[in-house]
Amino acid sequence: MKKNYFQDYICIDNKYYLHINFMAMSFLLLDEQAHNLYTRENNVKIIKNKNLKLYKKLKSLEFLIEDNIDEHSIVEMRRQMELHDKSMYHLIINPTLDCNLSCWYCYENKKKGSKISAEIIGGIKKHIETSYNLSPYNRLNLSFFGGEPFMRFIAIKEISSFAKIFCNDNKINLNIDFTTNGSLITKSELMFLSDFKCTFQITLDGNKEQHNKVKFSKDKNFDAYNATLRNVNQIQNLIKNSHVFLRINFDEQTLNSFDNILCDIDSLDRQRTTVILKRIWQVGVNKVNKEQIIDVINKLFDNGFAIDYYTQGKLCFAERMNESVINYDGSVYKCTTITNFDEKNSYGKLDNNTGCIEWKQNKLAECTMNLRPKKCKSCKMYPSCYGPCNNHILAGQESCYIDGLDLSKEEYYTYLYKSRLQRIELYNI
């Protein structure tokens, strides 16, 4: 047996140490004696002889692995499997690039009046069929992005209705998700969606006063904050098989009023709500008070919420081969975090007659390359994040997300551990 390369630890209080295995995402708290034995002794047989219970625990959590296991190769194999996984098809649709609100930090160029046509909707329906016939999948993840997708709910309804029938006929699991500001959703629309499994990512930009300043509307009487919170509650009341990812984008001022936000979301179902905390990308690292971030995270934990604060996940969705972004005009992309949905960034075009995507093969090939810097592949945390995605690397953005956490390693590891405990309590996983 040998020690897994992809592990690290922090000291909790000079008596206990938190060990994290990033290959298995497993956690282990060790007292000082057990920690010293494990970290100072390289001979695994001696660890086994001196503390058999510890040895068995380390082995079961994969801190200790067989000598013949090449963990670096396994991680790369996992990445390739995720990259080429065909069991799920992820189809992202922009029904419009227009929006009813104007946020100062939005990275996209709004296209007023843009809307998906009946011809493109027909092409998307054919594409769902064609992509399945070419490579059958057992799960379809249908995502609506934009722009504000609920400005074109007719398109959402038509595509979702088709997908539901198609998936039922072919015994495919269907999930529909929305990235939306949440202010335009109506009760009748939610009643329609109540027959689907749905997830929503909805943003709050502070308390009522700050949110309504950021979520600027030409209608000065429009209360975007109350409209959004009302609809979040209606989602959970009307769509039983739903989950809301409540994203709180923060700058230097947002978290000052967090107690107000916490009070306003207290009624939400903890098992169907995840709070995402993200620093606004224009706000520089360490511009937000670190103690305030930690305080907010602890308040959310104390109030029973699952939290996503740069939580490590799987491969970026844009790098998966079985993923496409179809714009309202039929142009096709791989990533949604782009400023312009234009020819320069396009990966292809949807053929409305056949439902096939005419890919730009040279650009598509970029997704399959492993461009990760050497520092990423040698990082202890690499199995849980895979480093920056190819799109960012090709754009010259190779920075590690850890560098932008606003937290120390010790603080971040502690957050990861608390997050795991919280999810065990909420979801028993």
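Modeller: A residue is called buried under 20% relative accessible area, exposed over 50%, and partly exposed in between. By that criterion aspartate 295, at 36% relative accessibility, is partly exposed. Please bear in mind that this is a predicted model.

Aspartate 295 forms a salt bridge with lysine 299, and the closest N and O atoms of the pair are 3.2 Å apart. Both residues belong to helix α11, and because they are four residues apart, about one helical turn separates them. Lysine 299 also counts as partly exposed, with a relative accessibility of 24%.

Helix α11 covers residues 290–302 and packs with helix α15, residues 409–427. The angle is about 10 degrees and the axes are 11 Å apart. Angles under 35 degrees count as roughly parallel, and α11 and α15 are therefore roughly parallel to each other. On the α11 side, the contact is made by Lys290, Ile294, Ile297, Asn298, Leu300 and Phe301. Helix α15 contributes Glu411, Tyr415, Lys418, Ser419 and Gln422. By class, this contact of α11 with α15 has five nonpolar, three polar and three charged residues.

Aspartate 266 forms one with arginine 270, the closest N and O atoms being 2.9 Å apart. Here aspartate 266 is partly exposed, at a relative accessible area of 42%, whereas arginine 270 is buried, at 18%. Glutamate 158 and lysine 125 form another, with 2.9 Å between the closest N and O atoms. This pair links distant parts of the chain, 33 residues apart: glutamate 158 lies in helix α6 (residues 153–169) and lysine 125 in helix α5 (residues 118–134). Glutamate 158 is partly exposed, with a relative accessible area of 35%.

Elsewhere in the model, an open sheet of three strands has the order β2-β3-β4, with antiparallel pairing. Strands β2 (7–11) and β4 (26–31) stand at the edges, each with a single partner strand, so one side of each has no neighbour in the sheet. On average, neighbouring strands of this sheet are turned by 20 degrees against each other, direction ignored. Five bridges join β2 to β3 (residues 16–21), and the bridge partner of glutamine 7 in β3 is asparagine 21. Helix α1 (residues 32–40) lies across β2, β3 and β4 and runs at about 115 degrees to β4.

How values were computed:
Residues numbered from 1 in each chain as written. Predicted model: local features only at pLDDT ≥ 70, side-chain atom pairs only at ≥ 80, totals over all residues. Heavy atoms only, no water. Axes fitted to C-alpha atoms, helices over the stretch in contact; angles between N-to-C directions. Helix = DSSP H or I, 4+ residues; strand = E, 2+ residues; numbered from the N terminus. Parallel < 35°, antiparallel > 145°, perpendicular 65-115°, else oblique. Contact = heavy atoms within 4.5 Å. Nonpolar A, V, L, I, M, F, W, Y, C, P; charged D, E, K, R; others polar. Pairing = 2+ DSSP bridges. Salt bridge = Lys/Arg side-chain N within 4 Å of Asp/Glu carboxyl O. Buried < 20%, exposed > 50% of the residue type's maximum accessible area, 1.4 Å probe, protein only.
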